[in-house]
Amino acid sequence: MKQSLTCGLIGLALVLAPGGVHAADLIRVPTSGIMEVPVHEEHSFDWSGFYAGVFGGVRSGSVSGSQAGIGLQAGVNAQFDFMLVGAEVAVLGLPAAESDIGSTSHGQILARAGLVVDDNVLVYAASGYGIDLGVPDESEILVGGGLEFAVTEQISLEAEYLHGFPLEGGNESNQITFGANFHF
């Protein structure tokens with residue numbers, strides 16, 4: 001008994017004795033609260049909504065030759081996942097003579113359907129109706145497509161090609177435009 005009492009007292013002394021044992025830094029484990037994990041999200045361009053812009057373009061036809069001009073456009077898009085549908089109206093001021101910019105103009109109404117290839121890149125097909133708003137009286141069906149690239153959260157740049165098939169007067173035409181749109 002003496003031996004077990006001695007072992008017990010030595011064990012108790014070791015446990016209670018302040019020795020050279022030091023605690024490391026305390027580890028704190030939260031017991032409640034919401035832990036937030038930072039998430040990096042890339043902001044993708046929202047193609048849905050209204051837009052307006054300016055563009056420069058060249059129209060060429062077998063009879064009228066090539067004409068360069070500037071124009072205004074406005075439209076609306078609706079994006080469904082990676083698909084897009086939209087409508088656009090535009091007016092392009094054209095010269096009747098080489099130094100007479102804006103003496104005649106060409107108006108167009110287009111339907112657009114496209115694919116959002118990347119968050120900031122849109123490829124689309126376009127079809128619609130075009131009409132010369134000056135003399136001579138000409139109208140045409142327009143078919144073509146384009147590429148639009150979002151530069152910022154509200155500004156995009158576009159390039160578009162349209163081929164015109166005459167309905168009344170005129171001849172077949174080709175139109176290439178480059179422009180910038182503000183989305184709101």
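Mentor: Start with the strands: eight of them close into a barrel in the order S1-S2-S3-S4-S5-S6-S7-S8, with antiparallel pairing. From one strand to the next, the twist averages 25°. Strands are DSSP runs of E with at least two residues, helices are runs of H or I with at least four, and both are numbered from the N terminus. Two strands pair if DSSP finds at least two bridges between them. Angles run from 0 to 180 degrees between N-to-C directions, along axes fitted to C-alpha atoms, for helices over the stretch in contact.

Trainee: What kind of model is this, and how are residues numbered?

Mentor: This is a predicted model, in which local features need pLDDT of at least 70 and side-chain atom pairs count only at pLDDT 80 or more, while totals for chains, interfaces and linings use all residues. Residues are numbered from 1 along each chain as its sequence is written, and side-chain values use heavy atoms, with hydrogens and water left out.

Trainee: Which elements does the chain contain?

Mentor: The chain has one helix and eight strands. From the N terminus on, they run α-β-β-β-β-β-β-β-β.

Trainee: Over how many bridges do S1 and S2 pair?

Mentor: Strand S1, residues 49-61, pairs with S2 over 13 bridges in the antiparallel sense. Within this pairing, Phe-55 has Gly-71 in S2 as its bridge partner.

Trainee: Is Ser-66 buried or exposed?

Mentor: Buried means under 20% relative accessible area, exposed over 50%, and partly exposed in between, with a 1.4 Å probe and protein chains only. Ser-66 is exposed because its relative accessible area is 60%. Ser-66 lies in strand S2, residues 65-80.

Trainee: Which residues does Ser-66 touch?

Mentor: A contact means heavy atoms within 4.5 Å. Not counting residues up to four places away in sequence, Ser-66 touches Val-58, Arg-59 and Ser-60. Ser-66 and Gln-175 are 109 residues apart in sequence, and their C-alpha atoms are 9.4 Å apart in space.

Trainee: Is Glu-88 buried or exposed?

Mentor: Glu-88, in strand S3 (residues 83-94), is buried because its relative accessible area is 2%. Leaving aside neighbours within four places in sequence, the contacts of Glu-88 include Tyr-51, Gln-73, Arg-112, Glu-158 and Glu-160.

Trainee: How much of the chain is buried?

Mentor: Of the 184 residues in the chain, 31% are buried.
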